[in-house]
Amino acid sequence: MATEDKQVMVVGIDESEHSLYALEWTLDHLIAPLSPANSPFKLIVVHAKPSASSAVSFAGPGAAEVLPYVDSDLRKIAARVIEKAKAICADRSVQDAVLEVIEGDARNVLCEAVDRHHASVLVVGSHGYGAIKRAVLGSVSDYCAHHAHCSVMIVKKPKTKH
């Protein structure tokens with residue numbers, strides 16, 4: 001199947017084990033079993049890197065001096081996330097995945113990536129927040145399910161039994 005004939009699947013990742021599990025699940029169930037070359041999907045893995053100014057929750061004297069350090073840390077986190085994603089893909093012999101780091105809020109970054117790549121599927125992990133935590137923190141998966149212009153698959157990590 002030629003690359004231009006393939007549908008695009010965007011997978012959103014962050015540093016959480018839930019999003020990396022969603023990538024693993026997607027590769028194990030939708031890409032690798034068919035052999036990556038025969039998969040009907042072109043895989044785009046997207047990490048949304050927050051801007052330093054949005055990550056600094058205080059304002060006032062000294063905030064400007066802190067921003068370069070925060071930005072440096074956010075870049076290091078993004079690099080680690082992308083390296084983990086590359087390793088997960090390599091472990092499953094997926095060599096042609098496109099990995100992107102885009103600055104911005106994850107909700108907007110993922111929906112814009114769907115539009116930019118004309119994706120037919122967006123895959124995101126679920127952190128498993130309860131109603132109160134979800135109301136306070138917001139849910140990227142919930143936002144994307146309502147605003148992305150494609151089908152959205154929310155992958156939940158199974159709860160471990162003690």
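Is Cys144 buried or exposed? In this predicted model, Cys144 is buried, since its relative accessible area is 0%. Cys144 is one of the residues through which helix H6 meets helix H4, and the packing of these two helices is therefore described together with the cysteines, because the sulfur of Cys144 has its closest cysteine sulfur in Cys111, a residue of H4.

Helix H4, which spans residues 106–117, packs against helix H6, which spans residues 140–147, at an angle of about 35° and with the two axes 9 Å apart. The crossing in which H4 passes H6 is right-handed. On the side of H4 the contact is made by Ala106, Arg107, Asn108, Leu110 and Cys111, and on the side of H6 by Val140, Tyr143, Cys144 and His147; sorted by class, this contact has six nonpolar residues, two polar residues and one charged residue.

Although Cys111 and Cys144 both take part in this contact, their sulfur atoms are 4.2 Å apart, which is too far for a bond because a disulfide requires the two sulfurs to lie within 2.5 Å. The structure as a whole holds zero disulfides. Another cysteine, Cys89, has a relative accessibility of 3% and therefore counts as buried.

A further buried residue is His47, with a relative accessibility of 3%, which is found in strand E2, residues 41–49. A polar atom of the His47 side chain lies 3.1 Å from the backbone oxygen of Ile13. Ile13 is also among the residues that His47 touches, when those up to four places away in sequence are not counted, and the others are Asp14, Glu15, Ala78, Val81, Ile82, Glu100, Val101 and Ile102.

Notes: Residues are numbered from 1 along each chain as its sequence is written. This is a predicted model: local features need pLDDT of at least 70, side-chain atom pairs count only at pLDDT 80 or more; totals for chains, interfaces and linings use all residues. Side-chain values use heavy atoms; hydrogens and water are left out. Axes are lines fitted to C-alpha atoms, for helices over the stretch in contact, and angles run from 0 to 180 degrees between N-to-C directions. Helices (H or I, at least four residues) and strands (E, at least two) are DSSP runs, numbered from the N terminus. A crossing is left-handed if the near helix is turned anticlockwise from the far one by less than a right angle, and right-handed if clockwise. Contact means heavy atoms within 4.5 Å. Ala, Val, Leu, Ile, Met, Phe, Trp, Tyr, Cys and Pro count as nonpolar, Asp, Glu, Lys and Arg as charged, and the others, Gly among them, as polar. Buried means under 20% relative accessible area, exposed over 50%, partly exposed in between (1.4 Å probe, protein chains only). A polar contact is a pair of N or O atoms within 3.5 Å; within protein, one must be able to donate a hydrogen and the other to accept it, and residues adjacent in sequence count only if both atoms are side-chain atoms.
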